[in-house]
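Here is a short tour of one structure for someone meeting it for the first time. Have a look around before reading on.

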Amino acid sequence: MDEQERNLQNGKQPRIVSGLDRPLKTPPPGEQFRAVRRQVVAVILANVGVFSTGMTLALPTATLHQLKNPKESVYLTTSQASWFASVNALAAPLGGLLSGFLLDKIGRKRSLIVLNVLTILAWILLATPSGSDQGAFFWQLIASRFILGIGMGLASAPPGVYAAEISVPRTRGSLILGTSISVAGGITILYGIGYYIRDDFRLIALICCGYQLVSLLCVLPLTESHCWLLSKKRVTEAKRSLNYFRGFSKSDEITHPLVLEEFQVLQKSLQQRDAEVKVSFWTSLKEPEVHKPLLILMSLFAFQQLTGIFVVIVYAAEISLDAGIEIDPFMCALLIGLARLVTTCPMGYILELWGRRRAGIISTLGMAICMLMLAGHSKIDFLRDIPYLPVVAIVGFIVLSTLGLYTLPFFMISELFPQRVRGPASGLTVAVGMFISFVCLKTFPDLKAAMGMRNCFVFFGVMAILALVFVYWALPETRRRTLLEIEEQFRSGRSSKSRSQADVEMKEVFVRRPEE
């Protein structure tokens, strides 16, 4: 008796199973578990040092109450305190320009080493100022903050560029987000330290210095990006790097056909670039695929600052008091940091689900509503009667800004620029953004004194509305698109997904997963 007859006697109906003749589909090399794990670990190690950016931003909130205290043997005046809070943003453009130079000259890994060494020096200076000489005390604090600002600018581009180059399109979005998560983590950690250590800024600086030493050790085992190695004609090392990040051993030869195709595509693209007449970065600005993303990202950074995102981070405790929040201002600052960190973590998934444009629109609209609610809280009766409205509005502002306007500029800086100008263009963009940040942070105390906190909230709300209009009309959608497709859109003005083999062979850097 065969199996079918036995099944019929047992009351079982025969089933027809289809698809057994189809070949088992396996993900391409760059998307298999081992490769993704290596990419994720490398990006995490690269971003450990970026926590210093968040710590630098949050430091005034944790320390200014002590530094401005006249009962201390040395202290800062109101004007000096505003310099302490903002001078890092003034120095950040130098770091941004330096990052563009270092990325191309010494590579991604060594740029991260320079970042960590600089910030270690800065934290040491902050921990050891004079305890008796008022002038020396002020200038050493300013020097330390200035160097921390250089570190901020330097940290903005290398981790994102590194993540974009070692990843494939399907994982690129989540990996690039590591920089924003690290900044949010640094802010939260410093707020937490400030909550428990309120009267010893030197101890806070020493803790940060110890952390930075650990982050320097994390960078040392990193594998350099194959894109940069190949651009410097270090072919064998580039093959080892690409093999490693696609899940294979660090072999001098590439054996997998898809990985070999990716390497050949990149090699041909670089050969074509080398064969072209070399032009300076400033000459390249005439090309639409360079100046269009440059203007878009600079504008996005400008709106990021003018909507008050960094102002709220730096002056969190002070703004909490002015907004009428009755809980401990340091606890409110910690809640702000936690809200930003928790919201930043799933942003890779959210940006892939919503896309960049939709996330930006939702973010700016929500930010405008939150700021206008804060502005109306002291004037409009029904808003005044809503319990805990200031806390909800400020935390909501932080959450909604993280969903878009805070995250997008850092996220998209590694997507929009062509590879040949990615280093200097990223550095220049960060430089402009940080200079605008300095202007906003330095003038905020005077602006608040002249206009009042309520009108400052109105100003931030209006800027968020203008940012909404800008995102709707100017921001391109880059979700699930290769770097070549993004570049071609700026060059031609058409959102095309042409898969011309000639174009792919000559210019594509990342090989997309074959469509199912």
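What follows is a look at some charged pairs and at one glutamine in this model.

Keep in mind that the model is predicted. Let's start with the charges. Side chains of opposite charge can pair when their charged atoms come close. In this model the count of such salt bridges comes to 10.

| Salt bridge | N to O distance |
|---|---|
| R108 and E165 | 2.7 Å |
| R234 and E237 | 2.9 Å |
| E318 and K448 | 2.4 Å |

Take R108 and E165, whose side chains meet in a salt bridge. R108 sits in helix α5 (residues 108–127) and E165 in helix α7 (residues 158–166), so this pair ties together parts that are 57 residues apart in sequence. Buried or exposed? With a relative accessibility of 6%, R108 counts as buried. E165 is buried too, and its relative accessible area is 0%. The cut-off for buried is under 20% relative accessible area.

Now for R234 and E237, which form a salt bridge with their closest N and O atoms 2.9 Å apart. R234 is partly exposed, at 29% relative accessibility. E237 is partly exposed as well, with a relative accessible area of 33%.

Then there is the salt bridge between E318 and K448, at 2.4 Å from N to O. Which parts of the chain does this pair tie together? E318 belongs to helix α17 (residues 316–322) and K448 to helix α24 (residues 422–451), so the link joins parts that are 130 residues apart in sequence. E318 is partly exposed, at 28% relative accessible area, whereas K448 is buried, at 18%. That 18% puts K448 in the buried group because buried means under 20% relative accessible area. Salt bridges can also share partners, and in this way E289, E488 and R491 are joined into one network.

Finally, a stop at Q304. This residue lies in helix α15, which covers residues 288–306. Q304 is buried, with a relative accessible area of 0%. What does Q304 touch, not counting residues up to four places away in sequence? Its contacts are I309, F310, L405, Y406, P409 and F410.

To go back over the burial values, Q304 has a relative accessible area of 0%, and E165 is also listed at 0%. R108, the partner of E165 in the salt bridge, is buried at 6%.

Methods: Residues are numbered from 1 along each chain as its sequence is written. This is a predicted model: local features need pLDDT of at least 70, side-chain atom pairs count only at pLDDT 80 or more; totals for chains, interfaces and linings use all residues. Side-chain values use heavy atoms; hydrogens and water are left out. Helices (H or I, at least four residues) and strands (E, at least two) are DSSP runs, numbered from the N terminus. Buried means under 20% relative accessible area, exposed over 50%, partly exposed in between (1.4 Å probe, protein chains only). Contact means heavy atoms within 4.5 Å. A salt bridge is a side-chain nitrogen of Lys or Arg within 4 Å of a carboxyl oxygen of Asp or Glu.
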